[in-house]
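Here is a short briefing on one protein chain.

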Amino acid sequence: MNTSQRGGLGRRAVALIGALALALIGTAAIGTAASAADPAPSPSNITGTTGTLTIHKHAGEPGEAGNGTAITDPAQIAALGAGLVGVEFSIQRVSNDGAPIDLTTAAGWDVAQAATPANVSVAPFSLAAGTTATTGAGGIAVVPNLPYGLYLVTETSPGANPIVSPVQPFLVSVPYPDATNSTWLYNVHVYPKNKLNTTVPEKTVSAPDGLTLGSSVVWTVTAPVPELGAGDTYTKFMITDTIDPRLELTGLVVKVDGVVISESPAGYTRSGDVIVELNLDTRNTLVAGTDVTIEYTTKVISLGEDGTINNQGFVNVNDSVRETGMPQTNWGPLTVVKKAAQAPNNTLAGAEFTLHETKGGPAIATYTTNASGEIVVDGLWVGNGGVLTKDYWLLETKAPAGYALPTGDAAWTEVTVNAAGENDPTMITINNTQQNGPNLPLTGSTGTTMFMLGGLALLLTAGGVALVASSRRRQGTFQ
């Protein structure tokens, strides 16, 4: 190869270095850029047939393009950000006119200069099936034994990492020109960085608009809009929530940065679930740091096995999924049994009560004991979150027929309702005292006394007459 040929090849190699560096946008910056006067490596001095690609995956804002060498400076390593474990890449070799590009020849490098990440899947270029690699400890994946050539590297899965701005596909050559030292790198290091979705969406549940079963609660999911990497866009923004079967969805409001964009559940539900997906026009208005909010109203229609109803929301931004907490609304049933105080086995129908949240407060509902002497309240709200009991008051307003209605404080009964399932009600018994009847005469006693007194008087009278007669007879004898 003559001097002019080597010079032309050197210029092409330098041009390719620039093209590959641009393709690696988002990788960490290291080393010093080669000056125009630096000699370039030549394909004629490539040795061997295979090389290694080492991928270093980190979280953070993309920096300058790398140069293929490993970062060894402790300060630069610390600046890389956290290594991301479990990120998957595909590595596909690029072909031209059906044959892998041969980078051991000048012609191969000439063809490679026309390749871009966007056109390598279009004729005359094509992609081989390739291989996959997943980052391990420190966010590192090592792909050994790669035949020399040009490769397209594509991030295919974020693993468990909430990556909101994945690195764009990039091209890398193996070997890679080390223009600084006029040699070749056979272990090529790349440092693609990702922007993570570190937002924390929140979910809350309101107190119900009533206290009995059939009342409504409002669930609110607040999803902060995460920051993207430079030049990236919001390709997806979705909030989903699985509605508990004990709830009935009755309304939904969607807000972006506090502005209502929808006030109907239509189009935002599927199979009983809330699914809110922002369209392109709305996504284009999103600003990092603001909130997307959904507020949906549900009626509590049953208690199920435990009376505790919770829901968790999920926010998906560019396929990065963040979870909300699990707020909870708690309910419990109540059964009141009315009995006769003097005969506890006797239940009493027809007693009327009003239910109150506080003693002396307004009535929530009115109930009457049934033929079994019971009031069955299907469900009462007891609290949210970890609050599992609530005190209520019953005021007896009408006693069963033939029983006394208590008055004053005695008419009020406090009951503590526990969160529980529909078959495990809080039970309370309230007794009534039977009314007294009118005073009846003591049968036979008054008449007998009168007869006894009259008889005694007659006897006394008769006795007195006999005594007088006897006295007179005695007086006549002495005379």
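**Strands 30 and 31**

Leu 395 has Trp 412 in strand 31 as its bridge partner. Strand 31 (residues 412–418) pairs with strand 30 in the antiparallel sense over seven bridges. Two strands count as paired if DSSP finds at least two bridges between them. Helices (H or I, at least four residues) and strands (E, at least two) are DSSP runs, numbered from the N terminus.

This is a predicted model: local features need pLDDT of at least 70, side-chain atom pairs count only at pLDDT 80 or more, and totals for chains, interfaces and linings use all residues. Residues are numbered from 1 along each chain as its sequence is written, and side-chain values use heavy atoms, with hydrogens and water left out.

**The chain overall**

- The chain has five helices and 32 strands.
- Buried residues make up 42% of its 479 residues. Buried means under 20% relative accessible area, exposed means over 50%, and partly exposed lies in between (1.4 Å probe, protein chains only).
- Among contacts between residues at least 6 apart in sequence, 75% join residues at least 24 apart. Contact means heavy atoms within 4.5 Å.

- Phe 353 stands opposite Glu 396 in strand 30.
- The charged end of Lys 390 sits over the ring of Tyr 392, 5.6 Å from its centre. The test asks for NZ of Lys or CZ of Arg within 6 Å of the ring centre and within 35 degrees of the ring normal.

**Nonpolar cores**

- The largest nonpolar core has 49 residues. Phe 237, Ile 239, Val 276, Leu 286, Val 292, Ile 294 and Tyr 392 touch the most other members.
- Strand 29 (residues 374–384) gives this core its largest share, five residues.
- A second, separate core of 36 residues includes Ile 91, Trp 109, Ala 141 and Leu 146.
- A nonpolar core is a set of buried Ala, Val, Leu, Ile, Met, Phe, Trp, Tyr and Cys residues joined through side-chain atoms within 4.5 Å.

**The Trp pair**

- The whole structure holds three aromatic pairs. Rings of Phe, Tyr and Trp (its six-membered ring) pair if their centres lie within 6.5 Å; planes under 30 degrees apart count as stacked, over 60 as edge-to-face and the rest as tilted.
- Trp 109 and Trp 184 form a tilted pair, 5.4 Å centre to centre with 35 degrees between the planes.
- Trp 109 lies in helix 3 (residues 106–112) and Trp 184 in strand 12 (residues 183–185), so the pair ties together parts that are 75 residues apart in sequence.
- Trp 109 is buried at 1% relative accessible area. Trp 184 is buried too, at 5%.
- Ser 42 is 142 residues from Trp 184 in sequence, but 8.7 Å away in space, C-alpha to C-alpha.
- Ser 42 sits in the loop between helix 1 (3–23) and strand 1. Ser 42 is buried, at 13%.

- Strand 1 (residues 50–56) and strand 7 are antiparallel over six bridges. Leu 53 has Val 143 in strand 7 as its bridge partner.
- Another open sheet of three strands has the order 2-14-9, again with mixed pairing. Strand 2 (58–59) and strand 9 (163–165) stand at its edges, each with a single partner strand, so one side of each is left without a neighbour in the sheet.
- Strand 9 pairs with strand 14 (residues 193–196) in the antiparallel sense over two bridges. Ser 165 has Lys 195 in strand 14 as its bridge partner.

**Backbone details in loops**

- The peptide bond from Ala 123 to Pro 124 is cis, with omega near 10 degrees. Pro 124 lies in the loop between helix 3 and strand 5 (125–127).
- The peptide bond from Val 174 to Pro 175 is also cis, with omega near 5 degrees. Pro 175 is in the loop between strand 10 (170–174) and strand 11 (176–178).
- Asp 257 has a positive phi of about 55 degrees, although it is not a glycine. Asp 257 is exposed, at 52% relative accessibility.
- Asp 319 has a positive phi of about 70 degrees, although it is not a glycine. Asp 319 lies in the loop between strand 24 (313–317) and strand 25 (320–323).
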